[in-house]
Structure formats: structure tokens, C-alpha cells
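Please keep the structure open while reading.

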Amino acid sequence: METGFLKKLINIIVTKDNEYISDKSDEELVNLYTEIGDENAFDEIVRRYANKIYGFALRITRNSSDAEEVFQEVFLTLTKKLDTFRGESKFSSWLYRITVNASYMYLRSQKKHESNISLENYYPYDEKGTLMGRVMAKDWSSRPDIIIFSNEALKIIDKSINELPESYRTVFHLRDVEGLLNEEVADILEISIPAVKSRLHRARLFLRDRLSDYFHEWRR
Amino acid sequence: MFMCKDVVENIMGYIDCELDLQTLKELEKHTGDCPECMAFVNTYKRMLEITGKLKDKPFVTPEIRNRLRILLKSKVKPA
């Protein structure tokens with residue numbers, strides 16, 4: 001009997017047990033689905049990534065029904081193109097890239113354009129380069145965790161992220177919400193690492209200011 | 001001379017421990033002497049803690065998952 005066939009057969013038997021499926025790497029799941037059409041493997045990919053993909057699509061489109069359209073499109077694309085995944089980047093990076101492309105394509109088809117304002121000149125210091133009178137008066141860092149991590153504060157930060165221009169929003173989401181590395185974000189968005197760092201820096205400055213305004217107002 | 005502006009522009013490197021020793025020393029010295037910068041660094045760190053909490057936010061409801069399942073079943077032929 002051919003070794004390849006035996007391996008496939010073993011995989012089929014092993015993957016009958018979902019405990020084994022959940023232990024497999026993304027790349028192993030891709031192989032199981034593309035080589036033997038194992039639907040459990042595909043279900044596991046959906047289980048692992050559904051929330052991340054929907055969350056990212058929502059971050060780009062800022063609309064839940066648009067996000068669901070993109071979300072569905074991404075997994076449909078995946079069923080058709082999973083066999084084109086070559087493992088040159090991490091599977092998650094490849095999937096995020098599909099999501100970015102599907103989101104942009106969807107927004108274009110809906111003629112939903114967003115003006116991409118630059119935050120390059122956004123900084124908290126004055127023209128002399130000092131923060132004098134700009135930060136301390138609104139220092140909220142020692143507020144109790146119950147306030148800092150309240151649902152309302154989380155809603156404010158979520159809303160503020162959505163106020164960021166799209167190119168900053170996507171970088172911020174992947175880097176600070178999803179916790180990807182600069183290199184991974186650069187790879188997904190096909191931009192340079194310095195561009196990732198620059199956008200992330202300005203996005204964080206903008207969001208820190210928004211939170212300061214919120215907590216300052218809240219105290220009144 | 002190290003200024004508030006330099007603290008702001010080096011904050012990412014500071015958080016990621018990527019600053020060279022000289023810049024790190026200057027930043028820490030300035031921040032120690034400047035309450036505005038101390039507040040800036042502290043609020044910046046707290047902001048990162050808050051945004052980190054967004055990662056666990058559930059987006060996909062059982063209804064969304066079910067609609068996806070139905071769609072995939074209707075459009076994807078078994079391999």
C-alpha cells in the first residue's frame with residue numbers, strides 16, 4: 001500500500017476525534033482539508049478564525065452587515081483557494097490578507113469611499129516641543145481598574161478606533177488589538193515596517209488623547 | 001537636550017524595549033524630572049492595557065455562524 005495513502009487514512013481516523021483536530025496546527029488543518037476534503041478540519045479553521053476575521057472586517061467596514069458580507073466572502077474564498085496556500089507566510093497572515101482584500105473589494109462595489117486623512121502631523125506637544133499644561137491636568141492613569149476597564153471605557157476606545165483614518169485603523173487593530181508583530185502587519189497590509197510603526201505611533205497618540213478627554217469629562 | 005517631544009517620539013521604542021542605552025537613560029531622566037511626561041508615559045501604558053482587552057471581544061454570534069454554515073453548505077460541493 002502506498003505510504004501517502006496510508007498517511008491520509010491515518011489522518012482520517014485520527015481526525016474523527018475532535019480532540020486531535022483541535023491539537024493540529026493551522027497548516028496541518030489546511031493539508032487535511034485540501035488533501036482529503038476533511039470537513040472537520042475546515043470547521044476547526046472556522047472555529048479558530050471566525051471571530052478574528054469578523055472583528056477585522058468590522059474594523060475596516062465599520063458596519064455590521066457589511067462586515068458579515070465580507071466575513072462570508074472570506075470563508076467562501078477559503079473553500080476555493082485553500083489549496084493555493086503555499087505556507088510562505090503564516091496561515092493567519094494569509095487569511096488576514098484575504099480579509100483586507102475582500103473588505104476593500106466589497107467597499108468599492110458598494111461605492112463606499114472613505115477619505116483617508118493623514119495623522120502624520122498629529123502630536124500632543126506644542127510648537128516648542130513641550131507637553132507643558134497638556135497632559136498632567138488630565139492624568140487618568142491612577143484611576144481604579146473598575147473605571148479604566150469599564151464597559152463604557154471599552155466602548156469609548158472602540159468608537160475612537162473607528163474614528164481613525166482607515167490606514168491607521170487597520171494597522172492599530174492588527175498590531176494592538178490582535179497583537180501581531182510589526183513584521184506580520186507589514187506583510188498583511190503590504191506596507192513597510194517603518195510605515196507600520198509610524199501609523200501605529202500616530203494612532204496611539206490620537207487614542208490616548210481621546211481617552212484623556214473621556215476620563216477628564218467623566219470626572220466632572 | 002532631551003525634550004518632551006523626544007519622549008513622545010520615542011515612546012514606542014521605550015515600550016518595546018528597543019531604545020539604545022543612551023536614549024533610554026535620557027528619556028528616563030527627563031521623565032523623572034517632568035511630571036507632564038510622567039503622566040504621558042503612564043496614560044500611554046494604561047491605554048495599551050485597555051486596547052489589549054478588546055482582543056477577547058466576541059463578535060460572531062451563533063446566528064452569524066449559522067448563516068455562514070448554511071451559505072457554505074449551499075455553495076460548496078464536497079471534495
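**Aromatic pairs and helix contacts**

B:Phe40 counts as buried, because its relative accessibility is 0%. The model is predicted, not experimental. A search of the whole structure finds 14 aromatic pairs over all chains.

**B:Phe40 and its partner**

- B:Tyr44 also counts as buried, at 0% relative accessibility.
- The ring centres of B:Phe40 and B:Tyr44 lie 5.8 Å apart.
- Their planes stand at 45°, so the pair is tilted; edge-to-face would need over 60 degrees, and stacked under 30.
- Why are B:Phe40 and B:Tyr44 separated by about one helical turn? They are four residues apart in helix H3 (residues 35-53) of chain B.

**Packing of H1(B) on H3(B)**

- Helix H1 (residues 4-15) of chain B and H3(B) have axes that come within 11 Å.
- The two axes cross at roughly 35°, and the crossing is right-handed.
- On the H3(B) side, B:Phe40 and B:Tyr44 both take part, together with B:Cys37, B:Val41, B:Lys45 and B:Leu48.
- H1(B) meets them with B:Cys4, B:Val7, B:Val8, B:Ile11, B:Met12, B:Tyr14 and B:Ile15.
- By class, this contact has 12 nonpolar residues, no polar ones and one charged.

**A pair in chain A**

- A:Phe71 and A:Phe75 form an edge-to-face aromatic pair.
- Their centres are 5.4 Å apart, with 75° between the planes.
- Both A:Phe71 and A:Phe75 are buried.
- The two residues sit in helix H5 (residues 64-81) of chain A. They are four residues apart there, so about one helical turn separates them.

**Packing of H3(A) on H4(A)**

- Helix H3 (residues 26-36) and helix H4 (residues 39-61), both of chain A, pack at an angle of about 145°.
- Their axes are 8 Å apart.
- H3(A) passes H4(A) in a left-handed crossing.
- H3(A) contributes A:Asp26, A:Leu29, A:Val30, A:Leu32 and A:Tyr33 to the contact.
- H4(A) contributes A:Ala41, A:Phe42, A:Glu44, A:Ile45, A:Arg48 and A:Tyr49.
- Eight nonpolar, no polar and three charged residues make up the contact by class.

**Other ring contacts**

- A:Tyr49 is part of the H3(A)–H4(A) contact and also belongs to an aromatic cluster.
- Which residue lies over the face of A:Phe149? B:Lys53 does, at 5.0 Å from the ring centre.

- A:Arg62 has phi near 60°, a positive value in a residue other than glycine.
- A:Arg62 is placed in the loop between H4 and H5 of chain A.
- With 39% relative accessibility, A:Arg62 counts as partly exposed.
- A:Glu190 is not a glycine either, and has a positive phi of about 55°.
- A:Glu190 lies in the loop between helix H10 (182-189) and helix H11 (193-219) of chain A.
- Is A:Glu190 buried or exposed? A:Glu190 is exposed, because its relative accessible area is 65% and the cut-off for exposed is over 50%.

Key:
Residues numbered from 1 in each chain as written. Chains lettered and ligands numbered in written order. Predicted model: local features only at pLDDT ≥ 70, side-chain atom pairs only at ≥ 80, totals over all residues. Heavy atoms only, no water. Axes fitted to C-alpha atoms, helices over the stretch in contact; angles between N-to-C directions. Left-handed = near helix turned anticlockwise from the far one by under 90°. Contact = heavy atoms within 4.5 Å. Nonpolar A, V, L, I, M, F, W, Y, C, P; charged D, E, K, R; others polar. Phe/Tyr/Trp six-rings, centres within 6.5 Å; stacked < 30°, edge-to-face > 60°. Buried < 20%, exposed > 50% of the residue type's maximum accessible area, 1.4 Å probe, protein only. Lys NZ or Arg CZ within 6 Å of the ring centre and 35° of its normal.
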